[in-house]
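Me: I am new to this structure. Please take one part of it and walk me through the packing there, step by step.

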Amino acid sequence: MTSFEGFGLNEAIVRAIADENYAIPTPIQQQTIPIAMSRRDVIGIAQTGTGKTAAFALPILHQLVSGGRPPERKGCRTLVLCPTRELSGQVLDSFRAYGRHLRIRTALAIGGVSMAGQVRALLNGVDVLVATPGRLMDLVKSNALHLGGVEFLVIDEADRMLDMGFIVDVRKIVSKLPVERQTLLFSATMPGAVVE
Ligand code: AMP
């Protein structure tokens with residue numbers, strides 16, 4: 001696919017891509033977007049800077065606006081797990097940029113800041129929640145977030161997640177999600193534990 005028009009993405013998303021001045025999909029986008037658009041799971045090997053954020057954000061945004069119910073109270077339709085607060089903020093900014101012509105609700109759940117604002121942001125439910133694993137678990141434990149309605153799961157930089165010792169938290173989180181969902185996993189490397 002040599003242009004963004006050919007993926008069958010919602011017109012408002014194609015417009016947002018044009019606003020970003022992206023002309024040609026990067027290799028990871030060319031390989032991943034058609035698979036994700038067909039609702040299959042994706043494992044992508046990609047470093048930061050390759051355009052991997054759009055590779056998962058664009059097909060998810062498309063599916064969010066193509067159907068399904070609005071998010072439940074205290075629920076999220078999409079959960080994106082990131083290893084760091086910094087990356088979480090960047091991923092959220094990308095979802096907002098690519099979704100700027102859509103009506104989607106987004107929220108960030110990262111440590112190091114008060115939980116009260118995040119609890120409030122989740123009250124009516126969100127379409128996209130970007131989170132680090134520790135804070136996400138805290139929100140679930142305090143009953144501010146329910147994971148039973150997650151339709152799309154992204155695990156970003158899975159190898160860094162492993163290096164930083166988040167693997168136990170990630171396993172616990174995944175065990176709380178509906179079995180029927182689409183999972184997209186991205187990693188710069190594929191050590192055995194990530195493959196598993
Ligand atoms: P990422 O790997 O997702 O962090 O993206 C790295 C940078 O590439 C970001 O600044 C994106 O805005 C930019 N980018 C992503 N996809 C494209 C594209 N198809 N054409 C041009 N720039 C892009």
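Reply: Start with Glu157. Setting aside neighbours within four places in sequence, Glu157 is in contact with Thr48, Lys52, Pro83, Leu87 and Phe186. Contact means heavy atoms within 4.5 Å. Glu157 sits in the loop between E5 and helix H7 (158-163). Helices (H or I, at least four residues) and strands (E, at least two) are DSSP runs, numbered from the N terminus. Glu157 is buried, at 6% relative accessible area. Buried means under 20% relative accessible area, exposed means over 50%, and partly exposed lies in between (1.4 Å probe, protein chains only).

A word on the model. It is predicted: local features need pLDDT of at least 70 and side-chain atom pairs count only at pLDDT 80 or more, while totals for chains, interfaces and linings use all residues. Residues are numbered from 1 along each chain as its sequence is written, and side-chain values use heavy atoms, with hydrogens and water left out.

Now to helix H3. Phe56 lies in this helix. Phe56 counts as buried, with 0% relative accessibility. Beyond its neighbours within four places in sequence, Phe56 touches Val80, Val91, Phe95, Val154, Asp156, Leu184 and Phe186. Asp156 is 100 residues from Phe56 along the chain, yet their C-alpha atoms are separated by 9.5 Å.

Next, the helices beside H3. Two packed helices are described by the angle between their axes and the distance between the axes. Axes are lines fitted to C-alpha atoms, for helices over the stretch in contact, and angles run from 0 to 180 degrees between N-to-C directions.

Take H2 (residues 27-37) with H3 (residues 52-66). Their axes come within 9 Å and cross at roughly 25°. H2 and H3 are therefore roughly parallel to each other. Angles under 35 degrees count as roughly parallel, over 145 as roughly antiparallel, 65 to 115 as roughly perpendicular, and the rest as oblique. The crossing of H2 and H3 is right-handed. In a right-handed crossing the near helix is turned clockwise from the far one by less than a right angle; anticlockwise makes it left-handed. On the H2 side, the residues that meet H3 include Ile28, Thr32 and Met37; on the H3 side, those that meet H2 include Ala55, Leu58 and His62. This contact has eight nonpolar, four polar and one charged residues. Ala, Val, Leu, Ile, Met, Phe, Trp, Tyr, Cys and Pro count as nonpolar, Asp, Glu, Lys and Arg as charged, and the others, Gly among them, as polar.

Then H4. The axes of H3 and H4 come within 10 Å and cross at roughly 45°. H3 and H4 are therefore oblique to each other. This crossing, too, is right-handed. From H4, Val91, Ser94, Phe95 and Tyr98 meet H3 residues including Phe56, Ala57 and Leu61. Nine residues of this contact are nonpolar, two are polar and none is charged.

Last, the core. The largest nonpolar core has 36 residues, and Phe56, Leu58, Leu61, Val80, Val91, Phe95 and Leu184 touch the most other members. A nonpolar core is a set of buried Ala, Val, Leu, Ile, Met, Phe, Trp, Tyr and Cys residues joined through side-chain atoms within 4.5 Å.
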